[in-house]
Amino acid sequence: MSSSIIHKKDKGSSPSFKFVKDITKVTGGTLLAITMLGSAIAAGGLVGLALSFRNLPDVRVLRTYIPAETSYIYDIKGKLLSSIHGEANREVAPLDKISPDIKRAVIAIEDSNFYYHKGINPISVGRALVVNYQKGSVREGSSTLTMQLMKNVFLSRQRTFSRKLAEGVLAIRIEQILTKDQILELYLNQIYWGHNNYGVQTAARSYFNKSAGTLTLAESAMMAGLIKAPQDYSPFVNRKQAIEQQHTVLRRMRDLGWITPQEEAKARAQKITLGKIKSFQGSASPYVTNAASTELIKRFGRDAVLKGGMRVQTTIDAKMQTMAEETVVNSHRRLRRQGVRADQMALVAIDPRTHFIKALVGGVNPKKSEFNRAIQAIRQPGSAFKPFVYYTAFATGKYTPNSIVSDTPVRYREASGYYYPKNYDSSFSGAMSIRKALEVSRNIPAIKIGRAVGMNKVIETCRTLGINSPMEPVTSLPLGAIGVTPLEMANAYATLANYGWKSEPTVIVRVTDSNGNVLLDNTPKPQLVLEPWAAASLTSVMQGVINNGTGKAAQIGRPAAGKTGTTSSERDIWFVGYVPQLATAVWVGNDNYRPLGYGSTGGTFVAPIWRDFMTKALKGTPAQNFRPASDFDRPR
C-alpha cells in the first residue's frame, strides 16, 4: 500500500482540526496555545532523547526481522494434518498479498496520519499529555502504527511515561531506516488479532476462512475493529460488539473520505460468514505430528520448528492413517472383550520401496496418553526377531530354507549356571528344515543356528537393518531378548521385503520455508545392504508362516510374508509382515509390562489385527508376487 490509495483529507475532517476545534470550545485560545506549545516541546524533546537513549534496542535489526511464524504439517497429498507453533500462531503475508481494504481500515482507525508523520504525531502526543497529566497516570495513548510496532517487537506492555517515551524514540529511529510500506507490512504481520492469531493472514483464515488478500471491505472493517481489544470485540465471543466496532471503522473511513457513503452502506449490509477458531485445534493425527516434530527438531532445532514457518510434507497417506487409527481403536475393544488384558497398541506401516512411513499410530487414545509407542516404546520382539537369525545364516551361503536343524533338548553353560532353552509348548520335534522351524516358531533351532553362525554376526545384521538397541551376544538373543520399537521392526522387515535395498525410514518427504525455498529433500537414496538371495529366501520361508504356520490368521488373499512374536509371560505380542508394496508392524502390550494373560500370542490375537489393516490399506492395489531366490546369485 502507498499513500496514493488514501484520498487527500480536507482541513475540516482532519483529526488535528477537530482536536483544535474541540479544545477551543472548552478552554479558549489560552489553553490551545499552551497545548500546542506542549506538543511542540514534547515532539522536540523526543527528537533530542533519540540522541541520548543509548540503551534502547537497535532498530536496525528490523531490516532483516522475520516474525515468528507457524509451521504447517501436511500428508503426502497436501492435506493439512496439523500446525505447530510457539506462543505466536502466525502465517506471514507480503504487503502486496494483503487486501487494500484491510490496509485502509487499519490505518483509518489506528493512525490516519500514518503516511504523513515521521514516527510520532505531535498533535496526538499533546492531547495525550493533557489527559494523562490530569489523571496522574497513562490513561490515553498517542501511539502511531510505528510506535505500536515498536511496542510489539521490543518493549514491555507496562503503561508508564518512560515506556511511552521509549516508543517515540524508537519510532523516530525506525522511520529513518524503513519505508512506510515496510513498516505497515511488519505491523500487519506482527500484531495480535485474538484467539492466538498473530498476523493478518492467520486472523483472516480463522475469522473468515479466507486469505488476507481476498478480504472484503466489510470483513476488513470488522478485523480492524478488533485491534484495540481482540478478545472483547471478537465476533466469536460477542458478535453484536464486533458489528458495532465494524460500523465505527466504516464511519471513520467515510469521514476521512476514503470510502463513499454508498460503499459504507453496502459494507454495513453485507452478511458476514464466520470461519472457526483454528488456533487451538488439535492435530488430525497427533502421533504423526509428534513423530514429524521429533524428526524436525533433531535436524533444525526447536526454535526453527516452532517459529520458522515451515511447510512440511510428510510421507503419511491420510486415508491409510485413518484406517490405521480405526484399526487400533476397534481392535483394542475386541481384545478386551476376548479377555486380553492389553491397555495399549502401536502400528507402523512402511513402503518397502521408499521406506516412507505411510501410517503411524502410537497408542489407543492420544488424548489420554501422548507417549508415542510406535517410535518410543522399547519392547521385546520375541519370535519376531528370529528372521534376523535365519537371514544371517542364509547370507553365509551355507544354509538354505531346506537345511536341517535338530529340535532336541540342549543346555548351555552361562555365567550364572546352565541355560536350558525350551519351546513355547515345552515339547521337542526332532529333525526339521529351517523352513518348518520358522513356520511353527520353534526356539531350539533358532538358538542352534544363531550359535552356529555367531551371535555377533546376528547383531551385525540387526545393526544393518537399523535396530540400534543394546545387544549382547548371549545364547537367548535369537528369542528376541532385546528391546526394539515398532518402527524399527517395520523398517527392518521393509528392507527384507525389498530384497536388501534400504533407505533411511522417514515421516518427512520435503520441507520448505514459507517462501517455498527447500530446506530438506528426503528423496530416497536406496542402498543394497543385504544379500538379495538371502533376503528372498527368508521371504519365501516367512510366506510359509502365513500359509502353513503360526500366522495363518494373517492371510489376506495375496502373497504375504510375516512372523508372529510372543515374549515370555505374554508381556508383548506382535505380528510383523509385508507384501512387496507395504510392511507393517503391530504391537500389543501394557506400558507397565503387566502380562496380557495366559494364551495371549501374536498368532492368535495380533495376526488378525494385521490382516484387518492390510486388507483395507491394500484395497485397490494389485497383488504382486515376491521374486524367487533363484532370481539372485547365492552367496559363496
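This report describes the chain as a whole and then several of its local features.

The structure is a predicted model, in which local features need pLDDT of at least 70 and side-chain atom pairs count only at pLDDT 80 or more, while totals for chains, interfaces and linings use all residues. Residues are numbered from 1 along each chain as its sequence is written, and side-chain values use heavy atoms, with hydrogens and water left out.

**The chain**

The mean pLDDT of the chain is 87, and 85% of its residues reach 70 or more; pLDDT is the predictor's confidence in each residue, from 0 to 100. Over residues 1-38 the pLDDT is below 50, and this stretch has 43 contacts in the model beyond near neighbours in sequence. A contact means heavy atoms within 4.5 Å. Residues 137-141 also have pLDDT under 50, with 16 contacts beyond four places in sequence.

The chain contains 22 helices and 18 strands. These are DSSP runs numbered from the N terminus, with helices being H or I of at least four residues and strands being E of at least two. Of the 636 residues, 54% are buried, where buried means under 20% relative accessible area, exposed over 50% and partly exposed in between, with a 1.4 Å probe and protein chains only. Among contacts with a separation of 6 or more, 72% join residues 24 or more positions apart.

The elements discussed below are these:

| Element | Residues |
|---|---|
| Helix α7 | 200-208 |
| Helix α12 | 286-300 |
| Strand β6 | 344-351 |
| Strand β7 | 356-361 |

Thr202 lies in α7 and is buried, with a relative accessible area of 5%. Its side chain reaches the backbone nitrogen of Glu91 at 2.6 Å. Not counting residues up to four places away in sequence, Thr202 touches Asn89, Arg90, Glu91 and Asn197.

Helix α12 has 15 residues and reaches 20 Å from its first C-alpha to its last, close to the 21 Å expected at 1.5 Å a residue; the expected span is 1.5 Å times one less than the number of residues. The buried residues of α12 include Tyr287, Val288, Thr289 and Leu296. Gly301, which follows α12, has a positive phi near 95°.

**Strands β6 and β7**

Strands β6 and β7 pair in the antiparallel sense over five bridges; pairing requires that DSSP finds at least two bridges between two strands. Val348 stands opposite Leu360 in β7. Four residues lie between the strands of this hairpin, in which His355 takes a positive phi near 65°. Strand β7 is mostly covered, with six of its six residues buried.

Notes
Polar contact = N/O pair within 3.5 Å; in protein donor to acceptor, adjacent residues only side chain to side chain.
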